[in-house]
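Please walk through this structure, beginning with a single residue and moving on to sheets, cavities and a pocket.

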Amino acid sequence: MESHARVVVIGGGVTGCAILYHLAKMGWRDVVLLERQELTSGSSWHAAGSLFALTSPSNAAILQKYTIGLYPELEAESGQSCGYHPVGGIHLARTEDQVMALRLLHSRGKRNGIESEFISIAEAQRIAPILKTDGIKAVLHEPLKGYCDPASVTQAYAKAARDLGAKVHRFTPVTATRQLPGGEWEVETPAGNIRCEYLVNAAGLWAREVAALAGIDLPLMPVEHHYMVTEAIPEIAAFEGEIPNISEPSGGYYCRQEGKGLLLGAYEAHCVHWSEDGTPKDFGHELLPNDISRMEENLGRAVQSMPCLESAGIKRIINGPMIFSPDLGPLLGPYPGLKNYFCACGVMSGFNQGGGIGRTLAEWMIEGEPSLDIFFWDVARFGDWAGKRFTKARTKYFYEHRTDIIYPFQEFAAGRPIRTYPIHDRVTKAGAVFGFNYGFEFPLWYARRQDSQEDRYGFNRGNWFEAVGEECRALAEQVGLLEISTFAKYEVSGPGAATWLDRLLANRLPKPGKTVLAPMLSPKGRLLGDFTVSRLAEDRFMILGSGPAQRFHMRYFESRLPGDGSVKVENLSARWCGLHIAGPKARSLLQAVAEGETGANAFPFLSVREMAVGPCPKAVVVRISFTGELGYEIYMPAEYQRSIYDELWSTGADLGLRHVGSRALLACRIEKGFASWGADLTSDYSPFESNLGRFVRLDKGDFIGREAAAADAKAGPRERLASFAIEPNGADADCFGGEAVYRDGKLAGYVTSGSYGHRTGQSLALGYVKPPFFEDGAALEVEVLGERRPARLSARSLYDPEGEKLRQ
Ligand SMILES: Cc1cc2nc3c(=O)[nH]c(=O)nc-3n(C[C@H](O)[C@H](O)[C@H](O)COP(=O)(O)OP(=O)(O)OC[C@H]3O[C@@H](n4cnc5c(N)ncnc54)[C@H](O)[C@@H]3O)c2cc1C
């Protein structure tokens, strides 16, 4: 075996082989895969091989579409069949909510060119004669569905990679991994050691054990999963074509043709975890004892649509383990804090995602960043708070509800609460209904006396609509108090802090006492972050950003720190809390509780002060507000949050102070046209596409991404962020993201976030349209819940467009 390689991939399942193939295809030939037994010795050999592309989020759908589209190419390149059957598939809906779920799936697919169409029930029966159509209200046909042969796909990736010069060593278990002082990795095996620049953990069922070799702990938990294969079914044997895959929202099953029978897989109603404390070392091409009674509920639902299943003989039952992260999405990318240690773990749907994951990781290693935003699968989306108990509760919940409809704004209770802020009990008493943000509970809205203190979900406006309206009006007319501890807070300090930040951020740094908004760009000019940067002193900055992205951002910051100790970056997010007061009376409230100048001239918009607030001797107060109102964000060490809250609350009573949650903040920011990280802003966009161009100072000197940004500015945007005001049409629903946007009947763009704007009395959304369709005031149509509603594009903010309220 070779002693050096550029990349060592650990694990010869579909994921590892797809990564190896893409590395070699993109030009890195000095790459090696180590497999402890035969290839496919984990979950890959016994998978059902069902394929589908329509899914959420949007970029996951793009990667699945890519993976499926790759099979014919892979077959041609490797000369190895993938057993690929592009038979299409049908989604069946029996209830109005299921019909709506399919309409949304269909509408969202348009953004990525993933075809689907509603077909008649008669047509469904023609292409799938085993269907019993009683009670079926709608059928969506997805041509990209189909199936493949899992073992053949894995072998095809390996063969094509080998043909390109990559090496595959079977029966070569990795027994230790060590990072050497120079940053290289040393990988130990019984066949000798290999040194490499990049190490990839693609060890599937053993990803936890392989991670432990590098001293890290991944939030992963294996579960058991059943499917069964029937004997030949007469209707299928008599049918000339192939039956499309069949599934239904909330059905809990997937079904496809296998030979002249059917393969039926079940997300069992009672998830059973397997090997919670570690995958056995010697587990290989093995199955677990099966128990068909665990599939009973799922089978019952499938029989409703395919009665032939009831009498079909069972040829085999498979119960195999697979391993999941808390949200069932893969854990991809560089592990924070370890140089060049890449994860490709927890892959739940390797035959739909493997190609996309392979491409993404190869791009990440070779080009330094993936070509698509994949934060939703990034290993950095979970922090240390995602422990075993949480992982177990979440994997159980999401497995059991795998095919359930997910409603707009739906939150999931499983595994919570984990982390709470000091005022948690206070706001609970005040009626808070909580959401979940990077392990923390935070108020979404406040139930009034007449409301029940919980979310009730549906596609139409939720039970929080009226209460949120009152919260928004309180912001516009009096003053509101918001828990904003969920924002990420970083302190950057040291003699080199200013120079370092100036290179990291695209805007000019503020002067001491001032605040600016600053995008952070990747070397390719893509958005990596959008921060509020406040300068507390010449060499000390407070940076505020997206809470869920804090590990993602810390990984980036740390990878760019100079080695000389001149810059210190501290993540204060969990140790510091925040409270926000906003509304015309916010200044009076601050004046009453703070020591220091709070007048409009002494403390203007976009400035920062360190001052005593209530009993806290030194809080950081930033004069900004995402609400669009006069407002102050107050940050304090966590131990002061309760006492500041109490003082604000007792003082604010006379001013009409009201609790306000994040759903009101969403409504207000959309009225203002303020884009939010994760929803409207991701690394898919350049700042010029996202209305952040004015914060990019190409003339300030060099910074990361400057050259690419200059080229982007010259080339013009590929799409542009805009506000949409949508006519109500008597409907009781608003956008929430993903809806298709049309102009003159042509697909013009899509929505990224939406809400009713309670201050403007309009149904609103933010989204992107292609430049030819972008025109202030243009008449559009937005597909809300599958119905095209007239809308108007606005290039300006729809609430206080001059920003006078913010500046007053
Ligand atoms: C019953 C069942 C049905 C499924 N159906 C589908 C489906 O229809 N469609 C779909 O897309 N997905 C399906 N899946 C999921 C799919 O099987 C997985 O997503 C996929 O196999 C994961 O592949 P992997 O390469 O990440 O992991 P694995 O297949 O587990 O591969 C990991 C590999 O790493 C090797 N390894 C581990 N430790 C070491 C070490 N120390 N040194 C060297 N090598 C090591 C292992 O031997 C193994 O070969 C199904 C899964 C199950 C269980």
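Lys392 is partly exposed, as its relative accessible area is 30% (buried means under 20% relative accessible area, exposed over 50%, partly exposed in between, with a 1.4 Å probe and protein chains only). The model is a predicted one, in which local features need pLDDT of at least 70 and side-chain atom pairs count only at pLDDT 80 or more, while totals for chains, interfaces and linings use all residues. Residues are numbered from 1 along each chain as its sequence is written, and side-chain values use heavy atoms, with hydrogens and water left out.

Lys392 belongs to helix α11, residues 388-400 (helices, H or I with at least four residues, and strands, E with at least two, are DSSP runs numbered from the N terminus). Leaving aside residues up to four places away in sequence, Lys392 touches Met221, His273 and Glu276, where contact means heavy atoms within 4.5 Å. From Lys392 to Phe487 the separation is 95 residues in sequence and 27 Å in space, C-alpha to C-alpha.

Next come the sheets. An open sheet of eight strands runs in the order β5-β6-β4-β13-β14-β15-β12-β16, with mixed pairing; two strands pair if DSSP finds at least two bridges between them. β5 (117-119) and β16 (314-324) are the edge strands, each with a single partner, so one side of each has no neighbour in the sheet. On average, neighbouring strands of this sheet are turned by 25° against each other, direction ignored. (Axes are lines fitted to C-alpha atoms, for helices over the stretch in contact, and angles run from 0 to 180 degrees between N-to-C directions.) Within the sheet, β4 (residues 89-93) and β13 (residues 245-247) are parallel and share three bridges; His91 has Ser247 of β13 as its bridge partner. Helix α8 (residues 296-305) packs on the sheet and touches β4, β12 (221-230), β14 (253-258) and β15 (261-266), its direction making about 60° with that of β14. Helix α11 also packs on the sheet, in contact with β12, β15 and β16, and its direction makes about 20° with that of β12.

A further open sheet has seven strands in the order β28-β29-β30-β31-β27-β21-β32, again with mixed pairing. Its edge strands, β28 (594-595) and β32 (657-660), each pair on one side only. β21 (residues 479-483) and β27 (residues 576-582) are antiparallel, with four bridges. Two of the residue pairs are Glu483 with Leu579 and Leu481 with Ile581. β27 is also antiparallel to β31, over seven bridges, and there Trp576 has Pro637 of β31 as its bridge partner.

Why is β27 largely enclosed by the rest of the structure? Seven of its seven residues are buried, so the strand is largely enclosed. Both faces are covered: Trp576, Gly578, His580 and Ala582 lie on one side, and Cys577, Leu579 and Ile581 on the other.

The remaining topic is empty space. Rolling a probe the size of a water molecule over the atoms shows where such space is left. On a 1 Å grid over the protein atoms alone, a cavity is a set of points where a 1.4 Å probe fits but cannot get out, and a pocket is an open set with protein on both sides within 12 Å along at least five of seven lines; lining residues have an atom within 4 Å of a point. Grid points are joined across faces, edges and corners, and a volume is the space filled by probe spheres set on the points.

There are three cavities of 30 Å³ or more. The largest cavity has a volume of about 240 Å³. Its lining consists of 21 residues, with Phe409, Arg461, Trp464, Asp734 and Tyr756 closest to the centre. α13 (465-477), α18 (662-672) and β35 (746-757) are the elements that give two or more residues to this lining.

The second largest cavity has a volume of about 40 Å³. Among its lining residues are Tyr421, Asn437, Phe487 and Ser573.

The second largest pocket has a volume of about 900 Å³. It is lined by 33 residues, and Pro334, Trp364, Gly368, Tyr556 and Ser559 lie nearest its centre. α10 (350-367) and α15 (550-560) each supply at least two lining residues, and the largest share, six residues, comes from α15.
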